[in-house]
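Good morning, everyone. Please bring up the sequence and the model, and follow along as I go through them.

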Amino acid sequence: MIRPALLATAAVIAAAAPARAQNATVIAPYIEIGQVLDADLTNDDVLTYTSVAAGIDAAITGPRAEAQVSYRYERRIGWNEDLGDQDIHSGLARAAVRLAPGLSLEAGGLATRTRSDIRGAAPGLLTGDADNISQLYTVYAGPSILRQKGALTVGADYRIGYTKVETPTFGVVAPGVPRLDYYDDSLNHLAAARASLAPNTVLPIGLTASGAWEREDAGQLDQRYTGWFVRGDVLVPVSPTVALTAGVGYERITTSQRDPLFTSPGAPALDRDGRFLTDPNSPRRIAYRTDGVYYDAGVVWRPNRRTSIEAHAGKRYGTESYIGAISYQASKSVGLQVQVYDAVQTFGRQLRQGLATLPTGFVNARDSFSQQFNGCVFGTSGDAPGGCLNDVFQSISTASYRARGVDGILSAQRGRSTFGVGAGYSNRRLHAPNTGSGIVTFGLNDESWYGQLFYSRTLSDVSGVDANAFVNVYDSDLAGGEDIVSLGATAAYFHNFGRLQTTATLGLYHFDAGGTLGKALSAQALIAARYTF
């Protein structure tokens, strides 16, 4: 999502975050029981089930460490044969630890349920047996080193990440539409290093040299991503607040896979989980390859220490490329971030990068309807307002792709109120091998638009309200793809009686895909009691 040459800088900034915190530790394990009603207003059908859950909310802040964990295991027990019992895992963990001067460790983890096929249903409130949904788990970790040698700053980073996706629930796409292969798992590695001279130290201009290596191996069809990058950048101050920048680099990226095993022409063989079996005799097919020079130039504007705007334009991947970022901290509790990105991606790598942008202090929703961590995550401070994972979760793509788009998020706290806004646009240009020849081919486009609102207000020392609203629009050139609109809202009231917290939540959800998938309107209600130890 950002240039490989800048990965080291981003990691160092994230790892340095604990220095601003004060000492505090909160650990709150809990058990919860609730009753859920899910009414399909389109087909006049009602499902009910009991939810039994256990979880933990914990946070640590201090001069050497900053971390937050929110995890919930839920067992859903249906009251009739229309809904089977389910096990649901949801949670988010982010941590940054300063191990020694110049040495830090960063880590993150995510468990959530998310949409599988972009052409299928788009449930927003994941109650009942939601169609087209997969349970997902991902973790990453790695150290960062930052050293100052006179005027020279040297940094290096290593990250390892793993992602696992379970097979999706039923009703993925409309009848008669060819299904895609199901994502299984992936393991990725990233190593990056850089050396830089700040302006007006040795020279009146700033210089940076950087390099990176990255590899990912995925289970489905023996897919592989490899990337090598080297780059040089120059920064030329033209005023106390404005600088011009330009860079040139060389990169070699290859994504590849093997053929599926076929039982007959057009009928791939499947394992017991419904995934394609890999043909052991297949040669490795090239899905995408680029090997050459890329470049860009831009401008950096930093009128004060709380505001930064950066924009770059150049040529990469054989076409024009535009990237940029806006960061604005209005106060300690109000912040805004916007990012324009353009990069060749895989699902596992993009998810790891998105998880790394989430803050180590985040807002945790109180009701189980909203506690999914598959959209925007809002931060608790103005210098880390949060991030959105919608661009990753528009669908679970087994193919590599070129990802372009824009993400923006705003979070704020005012007295008893906390609110946040997230929005963005994402486009994927899918890559696929030309089976039998290995020639590079470009696939079709997937794209999405999304927006999310969050509001929370403490009414008294023991009560408060939460509200969430979202809208998602999906479009795909894949066979059977149609314009899909998904929108909904929830509102919750909570009241505490000592360690016992009671919550009442109402939700409304609308889905419109036209064609075969049609429309749906549903309402949800939840009453729950949670005991915190």
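**Starting at one loop**

Let's begin with Tyr317, in the loop between β15 and β16 (319-331). Strands here are DSSP runs of E with at least two residues, helices are runs of H or I with at least four residues, and both are numbered from the N terminus. Tyr317 is not a glycine, yet it has a positive phi of about 60°. Is Tyr317 buried or exposed? Tyr317 is buried, with a relative accessible area of 11%. Buried means under 20% relative accessible area, exposed means over 50%, and partly exposed is in between (1.4 Å probe, protein chains only).

Now some ground rules. This is a predicted model, where local features need pLDDT of at least 70 and side-chain atom pairs count only at pLDDT 80 or more, while totals for chains, interfaces and linings use all residues. Residues are numbered from 1 along each chain as its sequence is written, and side-chain values use heavy atoms, with hydrogens and water left out.

Asp44 also has a positive phi, about 55°, and is not a glycine. Asp44 sits in the loop between β1 (24-40) and β2. Asp44 is exposed, at a relative accessible area of 71%.

**The whole chain**

Step back. How many helices and strands does the protein chain have? There are 3 helices and 26 strands. The radius of gyration is 24 Å, close to the 24 Å that the globule rule gives for 533 residues, so the chain is as compact as a globular protein of that length. That radius is taken over C-alpha atoms, and the globule rule is 2.2 Å times the number of residues to the power 0.38. Along the principal axes, the C-alpha atoms fill a box of roughly 75 × 65 × 35 Å.

Of the 533 residues, 49% count as buried. The chain exposes about 22,900 Å², and carbon and sulfur atoms supply 62% of it. Those areas come from the Shrake-Rupley method with a 1.4 Å probe; for residues, only the protein chains shown count as cover.

Next, contacts, meaning heavy atoms within 4.5 Å. Take the contacts with a separation of 6 or more: residues 24 or more positions apart account for 63% of them.

Ala53 is in strand β2 (residues 45-61). Ala53 is buried, with a relative accessible area of 5%. What does Ala53 contact, leaving aside neighbours within four places in sequence? The list is Tyr30, Ile31, Glu32, Arg72, Tyr73 and Glu74.

Ala311 is in strand β15 (residues 307-316). Ala311 is partly exposed, at 38% relative accessible area. Not counting residues up to four places away in sequence, Ala311 touches Ala297, Gly298, Val299, Ile323 and Gly324. Ala311 and Gln339 are 28 residues apart in sequence, and their C-alpha atoms are 9.7 Å apart in space.

**Charges and pairs**

On to charge. The chain has 46 positive and 49 negative side chains, and the centres of the two sets lie 11 Å apart. Lys and Arg count as positive, Asp and Glu as negative; His and the chain ends are not counted. Each charge is placed at NZ of Lys, CZ of Arg, CG of Asp or CD of Glu.

Side chains of opposite charge can pair when their charged atoms come close. The structure holds 23 salt bridges. A salt bridge is a side-chain nitrogen of Lys or Arg within 4 Å of a carboxyl oxygen of Asp or Glu.

Arg94 forms one with Glu106, with the closest N and O atoms 3.4 Å apart. Arg94 lies in strand β4 (residues 86-100) and Glu106 in strand β5 (residues 103-115), so the pair ties together parts that are 12 residues apart in sequence. Arg94 counts as buried, at 3% relative accessibility. Glu106 is buried too, at 3%.

Now look at Glu214. Arg349 meets Glu214 in a salt bridge, at 3.0 Å from N to O. Arg349 lies in helix α2 (residues 347-357) and Glu214 in strand β9 (residues 206-218), so this pair ties together parts that are 135 residues apart in sequence. Arg352 also bridges to Glu214, at 3.1 Å between the closest N and O atoms. Arg352 is in α2 as well, so this second pair ties together parts that are 138 residues apart in sequence. Arg352 is buried at 5% relative accessibility, and Glu214 is buried at 3%.

Why is α2 largely enclosed by the rest of the structure? Because 9 of its 11 residues are buried. Among them are Phe347, Leu351 and Leu355.
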